[in-house]
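Biologist: I would like to go through this protein and ask what stands behind each label. Please set each value against its definition.

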Amino acid sequence: MHVISSLRKEGAVTSLLRRGGLCLAAVLLLLTLAVACEDGGEEPTPAASPTVLAAVQASYPLTISDTVGRELTIEAQPQRIASLSPAATEILFAIGAGDQVIAVDKYSNYPEEATARQQLDAFQPNLEAIAGVQPDLVLLFYDPGELASSLERLDITTAVLGSAEGTPESVEAVFDQIRLLGRITGHTQEAEDLVAAMQTRIDAVEQKLADVAQGPRIFHEVDATLYTAAPDSFIGGLYEILKAQNIAAGADQAFPQLTQEVIIERDPEVIILADGDFGESPDTGKARPGWGNISAVRNDRIFVIDPDLVSRPGPRLVEAL
C-alpha cells in the first residue's frame, strides 16, 4: 500500500501508530489504503469489553469474534505468532508468550529480546512477506484495507485487536486486552498475574493522591499538529487516575485535534509532550505564538514523556503513570 507521505514523514501521529496506539485521523487515512501484496464448541461467554476481542471459549479450539465482526477459530495453542503491533508484542513477552513469537512489527523495540525476531512492516504490509514467516496467528491492532481477509484467504488465522479507533478506550480495556491475549496464547494465569501487578501499582499511586481533591489542568500533546488524548482513551484514563483536569474533556473523539486558540483559552497548568522524538521540547513549546500566556509555559511546567511508555496500550502504562 502507499501511505500518504505527510503521515509517513517524521510526525508524532505516526509515532503513536508505531507504538501500537492509533489516532482517529490516522485510522481514517489508513483504512483507505490498499494492501501491498503479490496477489465447535461451548456456549459463548460475554466479552470483557466491547473494544477488545470477544472470547467465547476458554480452551482450544478457541472461537472469537474480532473488532471488524469476523468470527475466527484458533484450533490449538499458537506456536508461530506474527505480532504487527509493538503493544501486542510487549504484552506477549510480558505474559510469557515470547517464545511463541516468530515475527514482529519493525517498531517493536521492547523488550530487547523482541528485536531479535524477524521484522515485518505494519505500515506498508506485504502479504507475501507476512506469509513467508509461516505464522499460525497474525495479530493486528488495526486492519489497513483488506489485510486480515487477504491473510485468511491463505489460511492464516488473523485477529484484529483494538477498538473502532484502533486503541482500547480505557486502562481497564487494556487489562481486558492483556487477559484476552493470555487466553489466545495459553497464558491465562500469567496474564491475570500481570494485570494484578499493574493494578497494585496503580492502587499505590491512587493512595498517594488520596488527599488530593483535584489535580492541575493538563494538555497532553500527541504531535505538533495539536492532536491530544481525550478522557475516553487509554491515555486519558491515566490522567483520570491522577485526578488531572484534561482540557480535551468533552471531545467526541478519543484523539481529537485542538486549535492553538482553544489550548490558550483553556490555559493548561501542565503540558505533557509525547512527541519529543520528533523535536518538540519545552523550548519549542515556549516559542509558539501566544503560548507565553499559558500557565504551564509561564511556570516552566512543560515536560517530555517517553512515547513508547505512554502511547502503547500495554504493560508499561504503569511506568508512564
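Modeller: A charge sits over a ring if NZ of Lys or CZ of Arg is within 6 Å of the ring centre and within 35 degrees of the ring normal. The charged end of R288 meets this rule over the ring of W291, 4.5 Å from its centre. R316 lies over the face of Y110, at 3.8 Å from the ring centre. Two notes on the source: this is a predicted model, where local features need pLDDT of at least 70 and side-chain atom pairs count only at pLDDT 80 or more, while totals for chains, interfaces and linings use all residues. Residues are numbered from 1 along each chain as its sequence is written, and side-chain values use heavy atoms, with hydrogens and water left out.

Biologist: What makes Y107 and F123 an edge-to-face pair?

Modeller: Rings of Phe, Tyr and Trp (its six-membered ring) pair if their centres lie within 6.5 Å; planes under 30 degrees apart count as stacked, over 60 as edge-to-face and the rest as tilted. By this rule there are three aromatic pairs. Y107 and F123 are 5.7 Å apart centre to centre with 90° between the planes, and the pair is therefore edge-to-face.

Biologist: Which parts of the chain does that pair tie together?

Modeller: Helices (H or I, at least four residues) and strands (E, at least two) are DSSP runs, numbered from the N terminus. Y107 is in the loop between strand 5 (101-105) and strand 6 (118-120), and F123 is in the loop between strand 6 and helix 5 (127-132), so the pair joins parts 16 residues apart in sequence.

Biologist: Why is F123 called buried?

Modeller: Buried means under 20% relative accessible area, exposed over 50%, partly exposed in between (1.4 Å probe, protein chains only). F123 has 3%, so F123 counts as buried.

Biologist: How do you know that F219 and W291 form an aromatic pair?

Modeller: Their ring centres are 6.4 Å apart, with 80° between the planes, so the pair passes the distance rule and is edge-to-face. F219 is in strand 9 (residues 217-221) and W291 in the loop between helix 11 (282-286) and helix 12 (295-298), 72 residues apart. F219 is buried, at a relative accessible area of 0%, and W291 is buried at 0% as well.

Biologist: How many helices and strands are there in the protein?

Modeller: There are 14 helices and 12 strands. Four of the strands form an open sheet in the order 10-9-11-12, with parallel pairing. Strand 10 (245-246) and strand 12 (302-304) are at the edges, each with a single partner strand, so one side of each has no neighbour in the sheet.

Biologist: How do you know that strand 9 and strand 11 pair?

Modeller: Two strands pair if DSSP finds at least two bridges between them. Strand 9 and strand 11 (residues 270-273) have four bridges in the parallel sense, so they pair. I218 stands opposite V270 in strand 11. Strand 11 and strand 12 also run parallel, joined by three bridges, and I272 has F303 in strand 12 as its bridge partner.

Biologist: Which residues cover the two faces of strand 11?

Modeller: V270 and I272 are on one side, I271 and L273 on the other, and all are buried. In a regular strand the side chains alternate between the two faces of the sheet. In strand 7 (residues 137-140), L137 and L139 point one way and V138 and L140 the other, all buried. Four bridges join strand 7 to strand 4 (residues 81-84), in parallel, and S83 stands opposite L139.

Biologist: What makes a set of residues a nonpolar core?

Modeller: A nonpolar core is a set of buried Ala, Val, Leu, Ile, Met, Phe, Trp, Tyr and Cys residues joined through side-chain atoms within 4.5 Å. The largest nonpolar core here has 54 residues, and those with the most contacts inside it are I95, L139, I178 and I184. Helix 7 (residues 171-185) gives the largest share, seven residues. A second, separate core of 16 residues includes L84, L127, I130 and I156.

Biologist: What share of the 321 residues in the protein is buried?

Modeller: Buried residues make up 55% of them.
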